[in-house]
Amino acid sequence: ENISLAELLSQAREAELIDKQTADLCHQIRKQRNIMAHESVHPKTIPARVIFCLLAAALVWTNLPEA
């Protein structure tokens, strides 16, 4: 089944696998990816966007449930 990342995040949130802060950070990473992939961004902002995503991913990682 095809499912978007936004829908997958919503399902994880509804199932209480992730909290609101983690879902918000994941959405911010997703939004930055979409901006860089589909919009014209100033080249000087790309490193900052990447660093933002890495920092957000580090925060997400600490909030993920252990398997």
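Asp24 is partly exposed, at 35% relative accessibility; the term covers values between buried, under 20% relative accessible area, and exposed, over 50%, with a 1.4 Å probe and protein chains only. Asp24 forms a salt bridge with Lys20, and the closest N and O atoms are 2.9 Å apart. A salt bridge here is a side-chain nitrogen of Lys or Arg within 4 Å of a carboxyl oxygen of Asp or Glu. Because Asp24 and Lys20 are four residues apart in helix α2, about one helical turn separates them. Lys20 also counts as partly exposed, at 48% relative accessibility. Side chains of opposite charge can pair when their charged atoms come close. By the rule above, the count comes to one salt bridge.

The model is predicted: local features need pLDDT of at least 70, side-chain atom pairs count only at pLDDT 80 or more, and totals for chains, interfaces and linings use all residues. Residues are numbered from 1 along each chain as its sequence is written, and side-chain values use heavy atoms, with hydrogens and water left out.

The protein has three helices and zero strands, and from the N terminus on its elements run α-α-α. Helices (H or I, at least four residues) and strands (E, at least two) are DSSP runs, numbered from the N terminus. The C-alpha atoms fill a box of roughly 40 × 30 × 20 Å, taken along the principal axes. Of the 67 residues, 19% count as buried. The protein exposes about 5,300 Å², of which carbon and sulfur atoms supply 59%; accessible areas come from the Shrake-Rupley method with a 1.4 Å probe, and for residues only the protein chains shown count as cover. Among contacts with a separation of 6 or more, 45% are between residues 24 or more positions apart, where contact means heavy atoms within 4.5 Å.

The largest nonpolar core has eight residues: Leu9, Ala12, Ile18, Ala23, Leu25, Cys26, Ala56 and Val60. Such a core is a set of buried Ala, Val, Leu, Ile, Met, Phe, Trp, Tyr and Cys residues joined through side-chain atoms within 4.5 Å. Two or more of the core residues come from each of α1 (5–14), α2 (20–38) and α3 (46–63). Helix α2 gives the largest share, three residues. In soluble globular proteins, nonpolar side chains tend to be buried together.

His27 lies in helix α2 and is buried, because its relative accessible area is 19%. Leaving aside neighbours within four places in sequence, His27 is in contact with Ala6 and Leu9.

The cysteines can be taken together. A search of the whole structure finds zero disulfides, a disulfide being a pair of cysteine sulfur atoms within 2.5 Å. Cys26 is in no disulfide, and the nearest cysteine sulfur, that of Cys53, is 11 Å away. Cys53 is likewise in no disulfide, with the sulfur of Cys26 the nearest, 11 Å away. Cys26 is buried, with a relative accessible area of 15%, and Cys53 is buried, with a relative accessible area of 15%.

Phe52 is found in helix α3 and counts as partly exposed, because its relative accessibility is 36%. Not counting residues up to four places away in sequence, Phe52 touches Gln28 and Gln32. Phe52 and His42 are ten residues apart in sequence and 16 Å apart in space, C-alpha to C-alpha.

Two further surface features remain. Ile3, Leu5 and Leu8 form a nonpolar patch with about 250 Å² of accessible area together. Patches are made of residues with over 30% relative accessible area and no salt bridge, with like charges joined within 9 Å and nonpolar side chains (Val, Leu, Ile, Met, Phe, Trp, Tyr) within 5 Å. Ile3 is found in the segment before α1 and is partly exposed, with a relative accessible area of 36%.

Glu16 lies in the loop between α1 and α2 and counts as exposed, at 69% relative accessibility. Most residues other than glycine have a negative phi, and most peptide bonds are trans. Glu16 has a positive phi of about 60° although it is not a glycine.
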